[in-house]
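This report describes selected features of a predicted model. The sequence and structure are shown first, and the description follows.

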Amino acid sequence: MNALVHARQQAQLAFAASGANLVVGEASVCPMPPAALAALTPTDPRVVEQFGSGLTARVLHLCIDGRHYTLKQRRPEALVRNLDGQTSFLNEVQRRADFTRLKADPAWAGRFDSIVPTLYADYRLGIILSPWLPGAPLARVTPDLLAPLLETLTACEEAGLMEWDLCPGNLLDDGERIWLFDFGYMYPFDPLCQFNSNGVSDPLFHACERFETRFFFGWLLRQAQPMAAQLACYRQLKALALAHYRRKREHLASRGATAEVLAWLDGILARWQQALGSEAALAACFELEAFRSHVLDIEDDLHGQSCTATTLLRIDFVCQALQHRYPALAAGGALFYDNAGRDQASLLALYAHKRQQAQGWQVG
Ligand SMILES: Nc1ncnc2c1ncn2[C@@H]1O[C@H](COP(=O)(O)OP(=O)(O)OP(=O)(O)O)[C@@H](O)[C@H]1O
Ligand SMILES: [Mg+2]
């Protein structure tokens with residue numbers, strides 16, 4: 001277990017056991033008393049609709065005196081057994097407090113405009129109240145949407161907040177921009193001397209990778225567009241990411257980031273810069289990053305025993321790649337963690353086994 005992750009979990013468990021509370025905002029802005037919000041049930045006439053699929057909370061869309069709100073209520077018992085799932089409501093209230101501070105800080109003016117505002121949150125009451133955002137889960141990728149999303153994500157990382165769960169259901173497209181509103185798995189870190197909230201032990205993970213892993217490459221698989229169209233879309237993403245990561249690198253350098261952090265960012269920038277240099281280089285980078293993202297997301301789904309049709313598509317992609325492109329993947333560093341050092345036959349057997357598991361753990 002990563003020592004930083006362990007320390008964060010222990011601190012959150014200690015806070016939960018302490019009886020201390022964390023409140024964000026003023027109760028006076030609530031359309032009804034906070035205790036009444038906590039007691040609202042889905043049959044109440046003020047509830048327009050509910051999103052009950054969450055494992056640690058349920059979300060109610062409310063309409064009160066003509067105004068629309070989103071109320072997140074903690075479940076009495078989280079349905080996820082792992083620690084991060086159990087503390088995700090506390091984690092979200094902590095992040096809501098961070099963003100409320102950051103939004104009010106002139107040094108960050110405007111950079112968190114796509115983060116949902118928090119009207120009021122009370123950890124012990126188990127409520128988080130936000131404005132209702134009209135829109136739908138992200139289902140399209142355009143430069144107009146990507147640019148502000150990357151701006152928001154790099155601002156989060158510059159401020160020391162790492163969002164791990166950029167899945168389609170956590171990205172809301174209102175027609176003009178992508179909103180972030182679910183911070184159950186967003187963790188703090190020191191961007192001047194750490195890569196992400198795991199410290200310096202996992203250089204693989206950062207904002208663009210998270211977006212690619214939890215959203216982009218799965219979305220591309222489901223779209224099943226011709227390869228040329230996929231590469232064109234990937235080129236747009238990489239060009240925007242390159243610009244935003246350059247800016248992030250400069251900000252961190254000007255604030256005194258360590259040589260280790262700057263060298264890590266320079267490595268990422270050099271890879272993307274090279275990828276954008278030619279069609280062949282772009283295709284090579286696509287191959288490695290798509291494989292990486294599918295491998296990582298397959299593990300997430302298997303770990304949570306919550307697999308979907310996309311999990312099977314991802315496993316099929318990985319098997320095809322291993323079958324036909326094993327030497328390139330091995331040479332490009334795409335075989336990491338449990339896959340490191342394994343030969344082709346053993347990886348193919350491993351993913352055939354994972355496919356069977358994923359078939360048994362289909363949730364929708
Ligand atoms: N401010 C908002 N405006 C509009 N819709 C929202 C808002 N907040 C949440 N939703 C809707 O409610 C759903 C669940 O919200 P959220 O992701 O915060 O809860 P969750 O318990 O983490 O759910 P899950 O475990 O499925 O991620 C979202 O996918 C989105 O459709
Ligand atoms: Mg969510």
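## Nonpolar cores

Leaving aside neighbours within four places in sequence, Phe211 is in contact with Leu138, Leu146, Leu149, Leu166, Leu171, Phe216 and Leu237. Phe211 also belongs to the largest nonpolar core of this predicted model, which holds 55 residues. Within that core, Phe99, Leu171, Phe211 and Phe216 touch the most other members. Two or more residues of the core come from each of the helices α4 (88–104), α5 (143–158), α6 (207–223), α7 (227–254), α8 (259–275) and α9 (279–303), and likewise from each of the strands β9 (171–173) and β10 (178–180).

There is also a second, separate core, made up of 26 residues. Leu296, Leu312, Ile315 and Leu322 are included in this second core.

Asn170 counts as buried because its relative accessibility is 9%, below the limit of 20%.

## Packing of α10 against α11

Helix α10 (residues 309–331) packs against helix α11 (residues 344–360) at an angle of about 170°, and their axes are 10 Å apart. The two helices are therefore roughly antiparallel, since the angle is over 145 degrees.

On the α10 side, the contact is formed by Thr311, Leu312, Ile315, Asp316, Val318, Cys319, Leu322, Gln323 and Tyr326. Their counterparts in α11 are Gln344, Leu347, Leu348, Tyr351, Lys354, Arg355, Ala358 and Gln359. By residue type, the contact comprises 10 nonpolar, 4 polar and 3 charged residues. Leu312, Ile315 and Leu322, named above as members of the second core, are among the α10 residues that meet α11.

## Positive phi angles in loops

Most residues other than glycine have a negative phi. Ala224 has a positive phi of about 50° although it is not a glycine. Ala224 lies in the loop between α6 and α7 and counts as exposed because its relative accessibility is 59%.

Gln305 likewise has a positive phi, near 50°, and is found in the loop between α9 and α10. With 45% relative accessibility, Gln305 counts as partly exposed.

Technical notes. Residues are numbered from 1 along each chain as its sequence is written. Chains are lettered from A and ligands numbered from 1 in the order in which they are written. This is a predicted model: local features need pLDDT of at least 70, side-chain atom pairs count only at pLDDT 80 or more; totals for chains, interfaces and linings use all residues. Side-chain values use heavy atoms; hydrogens and water are left out. A nonpolar core is a set of buried Ala, Val, Leu, Ile, Met, Phe, Trp, Tyr and Cys residues joined through side-chain atoms within 4.5 Å. Buried means under 20% relative accessible area, exposed over 50%, partly exposed in between (1.4 Å probe, protein chains only). Helices (H or I, at least four residues) and strands (E, at least two) are DSSP runs, numbered from the N terminus. Contact means heavy atoms within 4.5 Å. Axes are lines fitted to C-alpha atoms, for helices over the stretch in contact, and angles run from 0 to 180 degrees between N-to-C directions. Angles under 35 degrees count as roughly parallel, over 145 as roughly antiparallel, 65 to 115 as roughly perpendicular and the rest as oblique. Ala, Val, Leu, Ile, Met, Phe, Trp, Tyr, Cys and Pro count as nonpolar, Asp, Glu, Lys and Arg as charged, and the others, Gly among them, as polar.
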